[in-house]
Amino acid sequence: MTISDRVRVKNVEILSDDYYLLNKTTFEYRRANGQWQTQSRETYDRGNCATVLPYNLAQRTVILVRQFRYPVYVNGYDDLLIEAAAGVLDGEAPEVRIRAEAEEETGYRLGEIRKIFEAFSSPGSVTEKLHFFVAEYEPSMRISSGGGLADEGEDIEVLELPIDSALAMISDGRIVDAKTIMLLQYAALHIFR
């Protein structure tokens, strides 16, 4: 029996379709004991995304970005968020979209990128699946100052940090973004050993 055999969607109500899609879904779920239970859940569909951690093994550095994020601000984080470059796929393949995002946000035109895993960031309410990548970079790959797209409200600062400093910033609370923490931990375990 698959999960699809255990779910019967009864109603989907659109609560908001402004920037992204917020649905309220009523469904029946077949529990492990065989009984059907009616449940209701809200899901926020912002599309799937990709993220990348550019790294330079010889210099022992990584490229991150710093920018304003309203949702973390309204939740009490009174600083700019340090994070890995990322973006919504908008119908493109993850490998294609992350190259464009890296160039827009960091100013680096990356060569070979390597997919390391996929993960759901907040599966209790958000449908987003993240595609995680790493890519080596060299200073010669920088083709612009980056900074994002102003017409999309982006005002991004590019950071080149030693990997040890970036990891320390997790411990002291300066890096609090989950995708970035996952990428930095991956780099510590598999790249900068």
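Guide: Helices (H or I, at least four residues) and strands (E, at least two residues) are DSSP runs, numbered from the N terminus. Just after helix α3, for example, Gly173 takes a positive phi of about 90°. The model is a predicted one, in which local features need pLDDT of at least 70 and side-chain atom pairs count only at pLDDT 80 or more, while totals for chains, interfaces and linings use all residues. Residues are numbered from 1 along each chain as its sequence is written, and side-chain values use heavy atoms, with hydrogens and water left out.

Visitor: How many helices and strands does the secondary structure of the chain comprise?

Guide: There are four helices and ten strands. Read from the N terminus, the elements follow the order β-β-β-β-β-α-β-β-α-β-β-β-α-α. The C-alpha trace spans about 60 × 40 × 35 Å along its principal axes.

Visitor: What share of the residues of the chain count as buried?

Guide: Buried denotes under 20% relative accessible area, exposed over 50%, and partly exposed the range in between (1.4 Å probe, protein chains only). Of the 193 residues, 38% count as buried. The accessible surface, from the Shrake-Rupley method with a 1.4 Å probe, comes to about 11000 Å², and carbon and sulfur atoms hold 48% of that surface.

Visitor: What share of the contacts in the chain joins residues 24 or more positions apart?

Guide: Contact means heavy atoms within 4.5 Å. Among contacts with a separation of 6 or more, residues 24 or more positions apart account for 57%.

Visitor: In what order do the strands of the open sheet lie?

Guide: Two strands pair if DSSP finds at least two bridges between them. The open sheet of three strands is ordered β1-β2-β3, and its pairing is antiparallel. Its edge strands, β1 (7-17) and β3 (36-45), each pair on one side only. The twist averages 20° from one strand to the next; axes are lines fitted to C-alpha atoms (for helices over the stretch in contact), and angles run from 0 to 180 degrees between N-to-C directions.

Visitor: Which residue of β3 stands opposite Thr25?

Guide: Thr25 belongs to strand β2, and the residue opposite is Arg41. Ten bridges join β2 (residues 21-30) to β3 in an antiparallel arrangement. Thr25 is buried because its relative accessible area is 14%. Beyond neighbours within four places in sequence, Thr25 is in contact with Val9, Asn11, Val12, Gln39, Ser40 and Arg41.

Visitor: Which residues of helix α3 are buried?

Guide: An α-helix has 3.6 residues a turn, so residues three or four places apart point the same way. In α3 (residues 163-171) the buried residues are Ile163, Ala166, Met169 and Ile170. These residues lie on the same side of α3 because they cover an arc of only 120° around the axis, the arc being that of the directions from the helix axis to the C-beta atoms. They pack against β5 (61-67), β6 (81-83), β10 (157-162) and α4 (178-190).

Visitor: Which residues of the largest nonpolar core touch the most other members?

Guide: In soluble globular proteins, nonpolar side chains tend to be buried together. A nonpolar core is a set of buried Ala, Val, Leu, Ile, Met, Phe, Trp, Tyr and Cys residues joined through side-chain atoms within 4.5 Å. Of the 27 residues in the largest core, Leu53, Val62, Leu64, Val134, Ile175 and Leu184 touch the most other members. Two or more residues come from each of β4 (49-56), β5, β8 (113-120), β9 (129-136), β10, α3 and α4. A second, separate core of 13 residues includes Ala50, Val52, Leu110 and Phe133.

Visitor: What does Val134 touch, not counting residues up to four places away in sequence?

Guide: Val134 lies in strand β9 and counts as buried because its relative accessibility is 2%. Its partners include Val52, Leu53, Tyr55, Ile116, Leu183, Tyr186 and Ile191. Tyr186 is 52 residues from Val134 along the chain, with a C-alpha separation of 9.3 Å. Leu53, for its part, touches residues including Val62, Leu64, Val134 and Leu184.

Visitor: Which way do the residues of strand β7 point?

Guide: In β7 (residues 85-88), Ala85 and Gly87 point one way and Ala86 and Val88 the other, and all are buried. Four bridges join β7 to β4, and the two run antiparallel; Cys49 stands opposite Val88. Ala86 has a relative accessible area of 13% and is therefore buried. Beyond residues up to four places away in sequence, Ala86 touches Ala50, Thr51, Ile98, Glu101, Glu105 and Lys179.
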